[in-house]
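The sequence and model come first.

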Amino acid sequence: MGIRIKVYDANEQLTPCRIVIRKSGNGPVEDNGNAGEIIYCSGEHDFEAVNGEYMIEVFKGKLYAPVRHTAAVHTGNVEFRVQLKPLVDTRKLGLYSFDAHSHVSRNENLVTGNLGWASTVMMAEDFNFFYAGSPYDHETHLEYLNKEYKSDAPYREQFASDIRQINQINQEGFIIDIGNEFVKCRYGHICLFNFVQKPPFSKYYDEAWDPWNDSNRQGDEPRYEISYPYEAVLAEKQEHSFAFSAHPTSWWWGMHDVFITNIASTLAFDLLTGAVDGMVIMGYGSDKKAYQDLWFEALRNGYFIPGVAETDVSFDAVPKQRFLQYKTYAFLEEFSMQALGAAMKNGRNIVSSGPILVMRVNGQLPGAVFSYESGEAFEIAIEAYSCYEASLSTVQLIVNGDIAAEYAVSDMQYDCTHRIEVKEDSFVIAKCYDFAGNVAITSPVYIRNQPFVNKGYLSDVNVHVRKAGKPAVGVYWLDDEPGRNAFEGKVLVQMNPVSSLHISVDGEVRTVKLFELDELQRIFKHLYLGDFNRDKRYQSGEVPADAFKIARVKEILNHVELNVEF
């Protein structure tokens with residue numbers, strides 16, 4: 001005996017979904033619990049059954065109305081046909097969802113993590129783009145653990161057949177690609193999508209850090225032996241790539257009260273120099289105040305920063321629902337990875353754990369930039385749409401990080417307009433809540449006359465060069481520039497802080513990296529060593545925004561004075 005379920009979309013096509021089935025009277029199914037069974041499938045699934053009644057629930061993300069059935073099994077097989085209907089047509093709004101932080105295989109003892117299964121899960125949760133994260137299956141996981149790689153071909157090529165098959169089957173609504181969290185080091189974690197990743201995927205993993213940190217930091221801090229985070233991004237970034245800092249304030253206490261960091265300690269440097277394009281503002285929770293406070297701090301300091309959501313989910317087993325709910329939606333004019341990369345770089349997006357939120361300032365979507373006259377008025381229109389879990393409860397308009405207007409709502413859909421007068425450089429964000437605790441946040445619209453500090457930023461650098469105690473004569477150049485510039489006694493140069501300044505005297509070369517400035521390193525260490533929390537006043541995942549020294553990092557880099565001795 002058994003139960004067959006077929007699930008269709010509005011076009012009468014089988015559609016990926018999540019099915020929850022349990023024997024009547026067993027109670028609700030918890031994440032990966034034992035009260036029932038959670039199945040992800042491509043639209044059709046057969047369950048074995050015994051005599052009795054079963055409760056069946058079918059889901060597709062949070063923007064489709066769930067379907068619930070009771071099935072009585074006595075003799076033979078029972079078949080159900082289900083049609084899922086969207087509550088919100090995100091495509092009509094021009095919105096497409098994606099995730100770019102996951103791990104297909106996380107447990108080396110399980111062989112179930114693979115691109116096909118992970119894609120089924122993500123389609124069932126109504127994602128449109130899925131940038132699958134390393135390790136990409138059990139085999140690549142073992143290659144990493146054993147440090148034995150069978151191929152040096154890019155992972156896109158190694159998994160080309162799987163990627164092509166998945167994308168061909170789902171031509172109109174789903175695209176899978178390779179690569180996301182590729183920097184994992186003491187300074188933080190960075191995700192990148194739309195790039196060509198070659199083995200090993202762990203090239204930018206700080207392997208020396210965890211053993212030292214986990215051993216209660218016996219001895220000196222290990223040398224940093226890999227590329228700095230910004231160097232890794234610049235080495236891998238391509239035209240349509242988008243890089244973002246993951247879980248920026250994440251940390252926790254490990255065994256024996258060891259401080260474990262996932263903090264984006266170099267965020268101020270990476271944003272200022274353009275190494276990263278955005279930062280996570282939602283993940284591990286729908287309304288992460290520490291993430292948002294840090295985001296607002298950077299925005300107040302004149303940065304252009306799209307906000308991103310992350311799942312950080314793994315696919316060895318059925319993923320936990322509370323992680324899969326976090327989505328980034330981008331406004332796209334065409335359904336392509338190139339369009340997605342461009343939209344994210346331009347900040348044309350929202351993040352959500354359920355509701356949909358659209359904000360227009362003078363008719364323009366998030367990412368728009370306006371100049372203004374002091375006292376000039378701007379018209380803001382907000383549309384909010386609930387997910388199936390609950391009706392909307394609150395809609396907020398946020399200006400410069402503060403709530404400028406708040407509307408109490410108790411409906412499935414809401415729209416409003418608001419007028420503001422601008423007297424200073426500002427950013428405008430919309431935010432909404434529902435009664436189930438879900439949140440949606442737009443990236444900003446910017447109203448400012450000053451240029452963004454992280455667009456084309458350059459440091460003024462003055463290096464006094466001496467040899468044997470006397471001013472030296474030589475040449476200098478930046479990065480791999482072929483030309484050489486002569487100097488006498490000192491080097492004066494304007495440079496992006498991610499550039500390397502090479503100084504040569506009598507054939508001997510010294511390289512200056514501004515990232516290594518002592519004060520910058522003290523700021524970074526204060527975060528990743530947990531010194532900001534010596535009195536243990538902050539809980540796991542909490543870091544005060546001022547600990548990142550957003551403004552101070554820029555002050556340090558504005559004018560740099562150095563001495564180099566040969």
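Which elements each supply at least two residues of the lining of the second largest pocket? They are α2, β12 (181-185), α5 (209-214) and β17 (259-261).

## Basis of the model

This is a predicted model, in which local features need pLDDT of at least 70 and side-chain atom pairs count only at pLDDT 80 or more, while totals for chains, interfaces and linings use all residues. Residues are numbered from 1 along each chain as its sequence is written, and side-chain values use heavy atoms, with hydrogens and water left out.

Helices (H or I, at least four residues) and strands (E, at least two) are DSSP runs, numbered from the N terminus.

## Pockets

Pockets and cavities are found on a 1 Å grid over the protein atoms alone. A pocket is an open set of points with protein on both sides within 12 Å along at least five of seven lines; a cavity is a set of points where a 1.4 Å probe fits but cannot get out; lining residues have an atom within 4 Å of a point. Grid points are joined across faces, edges and corners, and a volume is the space filled by probe spheres set on the points. For residue classes, Ala, Val, Leu, Ile, Met, Phe, Trp, Tyr, Cys and Pro count as nonpolar, Asp, Glu, Lys and Arg as charged, and the others, Gly among them, as polar.

The largest pocket has a volume of about 980 Å³. Of the 32 residues that line the largest pocket, D9, T15, K60, R91 and G173 are the closest to its centre. Both α1 (115-124) and α4 (160-169) supply at least two lining residues each, and α1 gives the most, with 4 residues. The lining of the largest pocket has 13 nonpolar, 13 polar and 6 charged residues. The second largest pocket has a volume of about 750 Å³. Of its 30 lining residues, the closest to the centre are R106, K184, H189, D210 and N262. The largest share of the lining of the second largest pocket, 5 residues, is from α5. By class, this lining divides into 11 nonpolar, 10 polar and 9 charged residues.

## Cavity

A search of the whole structure finds 1 cavity of 30 Å³ or more, and the largest cavity holds about 30 Å³ of space. The largest cavity is lined by Y187, G188, H189, I190, P229, S245, A264, T266 and D270. Strand β13 (residues 188-193) gives the largest share of this lining, 3 residues. The lining residues of the largest cavity comprise 4 nonpolar, 4 polar and 1 charged.

## Helix α2

At the start of α2, a side-chain oxygen of D137 comes to within 3.2 Å of the backbone nitrogen of E139. A polar contact is a pair of N or O atoms within 3.5 Å; within protein, one must be able to donate a hydrogen and the other to accept it, and residues adjacent in sequence count only if both atoms are side-chain atoms. After α2 comes K147, with a positive phi near 55°.

## Strand β29

Strand β29 (residues 426-434) is mostly covered, with 9 of its 9 residues buried. In a regular strand the side chains alternate between the two faces of the sheet. From β29, S426, V428, A430, C432 and D434 point one way, and F427, I429, K431 and Y433 the other way.

Two strands pair if DSSP finds at least two bridges between them. β29 pairs in the antiparallel sense with strand β26 (residues 392-399) over 7 bridges, and D434 is the bridge partner of L392. β29 also pairs in the antiparallel sense with strand β31 (residues 445-447) over 3 bridges; here F427 stands opposite Y446. With strand β30 (residues 439-442), β29 forms an antiparallel pair over 3 bridges, in which C432 has A440 as its bridge partner. The hairpin of β29 and β30 has 4 residues between the strands, and G437 takes a positive phi near 90° there.

V428 lies in β29 and counts as buried because its relative accessibility is 0%. Not counting residues up to four places away in sequence, V428 touches M359, V361, I380, L397, I398, V399, I420, S443, P444, V445 and I447.

Key:
Buried < 20%, exposed > 50% of the residue type's maximum accessible area, 1.4 Å probe, protein only. Contact = heavy atoms within 4.5 Å.
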